[in-house]
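Let us read this structure together, one feature at a time. Here are the sequence and the structure.

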Amino acid sequence: MATVQGYGSTGHPPTTGRRTRRPLRLAAAALAAAALTATSACGLLEEQQGPTAIQIPERNALITESSTAAPTATTAPKSRSTRSFTTDAADSMASAISTAPRVGVSNYHVGATTDTGERLDDLSGVHFSTPDRTIRCSTGNNGSGALVCAGDRIDGRTTPPPNSPAGCEWNRNLAVLNSESVAAGGCANLYPVLFRSHILEFGSTIVAGGFSCLSDVDGLYCLESDSNAGFALTSDGYAEIHGDDRAPSELLGESARNSQRSTAPTPTR
């Protein structure tokens, strides 16, 4: 008779320790996986929330504002000009001289070396005098490349400047203009001015090279084209001028004179 081993009252084989720990490990793994998923989800959530914390729209708004902001008038650079007003080009000295009737220079190559000397023709340079003979001028004489005028209205320094060449015969009654400077007084032996030259009538302009001069009842106004600087020889004496300066009303046409009177600036202190 065979012997049958019994398994107890339940009818199931007995469980060992290995079989009973497996469900616990599976449960632990499931809990760890759930925790990892929760942690990953939190990390992803934090990464997704990062741009919101930086507030990119606000930053863009600030960049746009700073790039389009315009400087105010108080930050604009100041002009270094010392003029208290701006001269209209039509009212300037350059305009007054250039728009006056111009004479040809063919008749202005005559003159004498002394006030009583023989008058010579076909001389180099251009030579002219004002109608009252109080001012006489010569250009290009002695190869100097300068416009030089002589007259009692010019009252320069009494002695030559330190940089004058040796043997300078100083004359304080000369006005010397070239592309680099303008001055009252000069060396008469370096800048000879002829006598008995042709007259430049009042209201006329003569142009010789880079020099232009306007003869007026009140005097003579001359400019050099490169520097736009020059001098005026009037009843008030010698004065340095610039082409951008406002011209005296008597040098302008009637319409310009009326405009100048109506727009004359108020002097500033």
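Q: Numbering the bonded cysteines in sequence order, what is the pairing?
A: A disulfide is a covalent bond between the sulfur atoms of two cysteines. Here the cut-off is a pair of cysteine sulfur atoms within 2.5 Å. In the protein chain the pairing is 1-2, 3-4, 5-6. A search of the whole structure finds three disulfides. This is a predicted model: local features need pLDDT of at least 70, side-chain atom pairs count only at pLDDT 80 or more, and totals for chains, interfaces and linings use all residues. Residues are numbered from 1 along each chain as its sequence is written, and side-chain values use heavy atoms, with hydrogens and water left out.

Q: Which cysteine is joined to Cys-137?
A: Its partner is Cys-149, at 2.0 Å from S to S. The link is right-handed, with 110° about the S-S bond. Cys-137 sits in strand β2 (residues 136–139) and Cys-149 in strand β3 (residues 147–150), twelve residues apart. Strands (E, at least two residues) are DSSP runs, numbered from the N terminus. Both cysteines are buried, meaning under 20% relative accessible area with a 1.4 Å probe, protein chains only.

Q: Why is the disulfide of Cys-168 and Cys-187 called left-handed?
A: The torsion about its S-S bond is about -105°, so the disulfide is left-handed. Cys-168 lies in the loop between β3 and β4 (170–177), and Cys-187 lies in strand β5 (residues 182–187), so the pair ties together parts 19 residues apart in sequence. Cys-187 is buried, at 5% relative accessible area.

Q: Is the disulfide of Cys-213 and Cys-222 right-handed or left-handed?
A: Right-handed, because the torsion is about 115°. The sulfur atoms are 2.1 Å apart. Cys-213 is buried at 2%, and Cys-222 at 0%.

Q: How much space lies in the largest pocket?
A: Rolling a probe the size of a water molecule over the atoms shows where empty space is left. A pocket is an open set of points on a 1 Å grid over the protein atoms alone, where a 1.4 Å probe fits, with protein on both sides within 12 Å along at least five of seven lines; lining residues have an atom within 4 Å of a point. The largest holds about 310 Å³, the space filled by probe spheres set on points joined across faces, edges and corners. It has 19 lining residues; Arg-136, Ala-150, Val-193, Leu-194 and Phe-195 are the closest to its centre.

Q: Which strand gives the largest share of the second largest pocket's lining?
A: β5, with four residues. The volume is about 270 Å³.

Conventions
Buried < 20%, exposed > 50% of the residue type's maximum accessible area, 1.4 Å probe, protein only.
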